[in-house]
Amino acid sequence: MSGRWWRTALVVAATLASWTVRVEAASRDQWLGRSVYQIVTDRFARTDNSTTAACDAAQGNYCGGSFRGIINKLDYIQELGFDAIWISPAQSQISERTADLSAYHGYWPNDLYSINSHFGTSNDLKALSSALHKRGMYLMLDVVVGDMAWAGNHTTLDYSTFNPFNDRKYFHDYKLLSSDPLNDTCVLDCWMGDNIVSLPDLRNEDQEVQSMLGTWVKELVSNYSVDGLRIDSVLNIDQDFFSSFNKSAEVFLFGEGATKTAADICPLQSDLNGLLNYPLYYILTNAFNTTHGDLSAIFQSIDYTKSLCEDVLAMGTFTSNQDVPRFGSYTSDISLARNILTTSMLADGIPILYYGEEQHLSGAFNPVNREALWRTNYSMDSTSLPSLVQSLNRIRSYASGDGKQYTLKSQAGRDYLSYLSLPIYNSTNILAIRKGFAGNQVVSVVSNLGAKPATKATTKFTLGADGTGFQSRQNVTEILSCKTFVTDASGNLTVDLSSDGGPRVYYPTDSLKKSTNICKDDDSSTGTPSSSAASSASPSPSTGAQSSLFGLSREIRTVLVTAAMATSYLVI
């Protein structure tokens, strides 16, 4: 009798455990509220906590970053305001150093079932996952599913050394993509890499390959309690593959495809939860990397992407990553860096910050854009960027959480994250954006005027109440300075960027009551508010349906917002 009881209990426990895993798997909606810190594992933090260990990024060698090192520096990541991390591919890599350098980056796998010993052990990765979850943070793993790696040209390749794809039958025939890059078939079937490090291309369209990768990813997610995956080079993989892979992974998937054109990447969203918003990255970089960029192009690009992608809210926004130049390589002007970060982190989508952008690192290309962060001593006051990132993360988190209760009852909805951003003021050098329903709206003002705006530049202007949603004589807090301003009798707000070129981030003062970490230690936040009466020299505030740009009235955008909210649950 007792034996049957224990057997029954074990069956019930196993069933409950399987249910628990399914319930705890982070959904698309849960990822929307996260802010992601992207890490090159070998370059973020060492197990020995050294901040002086040498690392010449140009040499392309392993520098000692590890899973344990990341655990040791989770306080730093959380202090910046991030609640998720994305780390390098963790699988075993080719061991040889070649003319193409070492595999410290994680994109040259040869054994999917073993962990890169340079980063640590399987238990170390499990410990990292556990440490994150104890803090309420998410873990996203980078994965390579389109090819394997071999140190040498294709004539020397021994397929039997790969795990699990240990036979030539799993791969496309040899032909380098670089030899025929404009051929659509070659884009999917040809080999990336070169003749120094061969990257034999998997037949992702084959059912057997799909099944093997599905078995592997299911085990990977389960073993390490993974909350999300970033998939490398999705534009080079047959689209039909992602449907089966998504079902096997059962976690949120980010697809990476480096293209300037939304039309190239958006069709993949039917089979992937999310995509990296490369089209927005290119537009933002061109707009902010000098004082001569054109900010008016930003929302033209955003609107175009919205028209093609079925779920812009699940797209990752970023200003740099391991494959592109750091923003600091374009300019040393901290004002421009502050403005592009503000635009990216408060945009529709999931904000992603490449490690070291908060320190204004300046590597201009691969491999020098993969510097050792420990050399910065993880400073929170090296420049104004760490505190900026912290403030942006905090206001986004608050507006998507406790701030929702302050949404005015007259509004069509309450969900901050699902509100599609509205451009409310735009010129070549200045852009003002509203996100959120009245009472819980974040109004950001960015520019590419630089730290010392030109004397003749327009730096003072008025935001109309019809665009901001602010009310008559309303107190609004500028989040980055913690200063309070008062709108005029019509609800208009005057903005002055003459001192530093921005950015500015405004939020209703009374709606900050539930906040415990936004503008609570600054006396100016409770001092006498500054008047925001419109200057006669300022541009006229926008009025009526003309308050939104590019042919869409504010009323039509409201309908789009409501539709996005209604359909957001259908994408899961």
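This report describes the strand architecture of a predicted model and the surroundings of selected residues.

## Basis of the model

Because the model is predicted, local features need pLDDT of at least 70 and side-chain atom pairs count only at pLDDT 80 or more, while totals for chains, interfaces and linings use all residues. Residues are numbered from 1 along each chain as its sequence is written, and side-chain values use heavy atoms, with hydrogens and water left out.

## The barrel and its helices

Eight strands form a closed barrel in the order β1-β2-β5-β9-β10-β11-β12-β13, with parallel pairing. Helices (H or I, at least four residues) and strands (E, at least two) are DSSP runs, numbered from the N terminus, and two strands pair if DSSP finds at least two bridges between them. From one strand to the next, the twist averages 30°; axes are lines fitted to C-alpha atoms, for helices over the stretch in contact, and angles run from 0 to 180 degrees between N-to-C directions.

Between β12 and β13 the pairing is parallel and involves two bridges. Helix α8 packs on the sheet and touches β5 (138–143) and β9 (228–231), its direction making about 150° with that of β5. Contact here denotes heavy atoms within 4.5 Å. Helix α9 (residues 240–249) lies across β9 and β10 (252–255) and runs at about 155° to β9.

## The open sheet

A three-strand open sheet has the order β6-β8-β7, and its pairing is antiparallel. Each of β6 (150–151) and β7 (192–193) stands at an edge with a single partner strand, so one side of each is left without a neighbour in the sheet. Strands β7 and β8 run antiparallel and are joined by two bridges; G193 has S198 in β8 as its bridge partner.

## Residue N204

N204 is found in the loop between β8 (197–199) and α8 (207–224). With a relative accessible area of 2%, N204 is buried; buried means under 20% relative accessible area, exposed over 50%, and partly exposed in between (1.4 Å probe, protein chains only).

The N204 side chain reaches the backbone oxygen of V145 at 2.9 Å. Leaving aside neighbours within four places in sequence, N204 is in contact with V145, G146, V209, Q210, L213, I237 and F241.

## Annotated positions

Under "binding site", an unreviewed UniProt entry lists W108, R230, D323 and R370; UniProt positions are given in the numbering used here, feature names are shortened, and annotations may be inferred rather than shown by experiment. Of these residues, W108, D323 and R370 are included in the lining of the largest pocket. On a 1 Å grid over the protein atoms alone, a pocket is an open set of points where a 1.4 Å probe fits, with protein on both sides within 12 Å along at least five of seven lines, and lining residues have an atom within 4 Å of a point.

D323 is placed in the loop between β12 (315–317) and α13 (334–345) and is partly exposed, at a relative accessible area of 39%. R370 lies in the loop between β13 (350–354) and α14 (385–399) and counts as buried at 3% relative accessibility. Beyond four places in sequence, the contacts of D323 are R230, E256, Y278, N369 and R370. The side chain of R370 makes a polar contact with the side chain of Y104 at 3.1 Å; a polar contact is a pair of N or O atoms within 3.5 Å, where within protein one must be able to donate a hydrogen and the other to accept it, and residues adjacent in sequence count only if both atoms are side-chain atoms.
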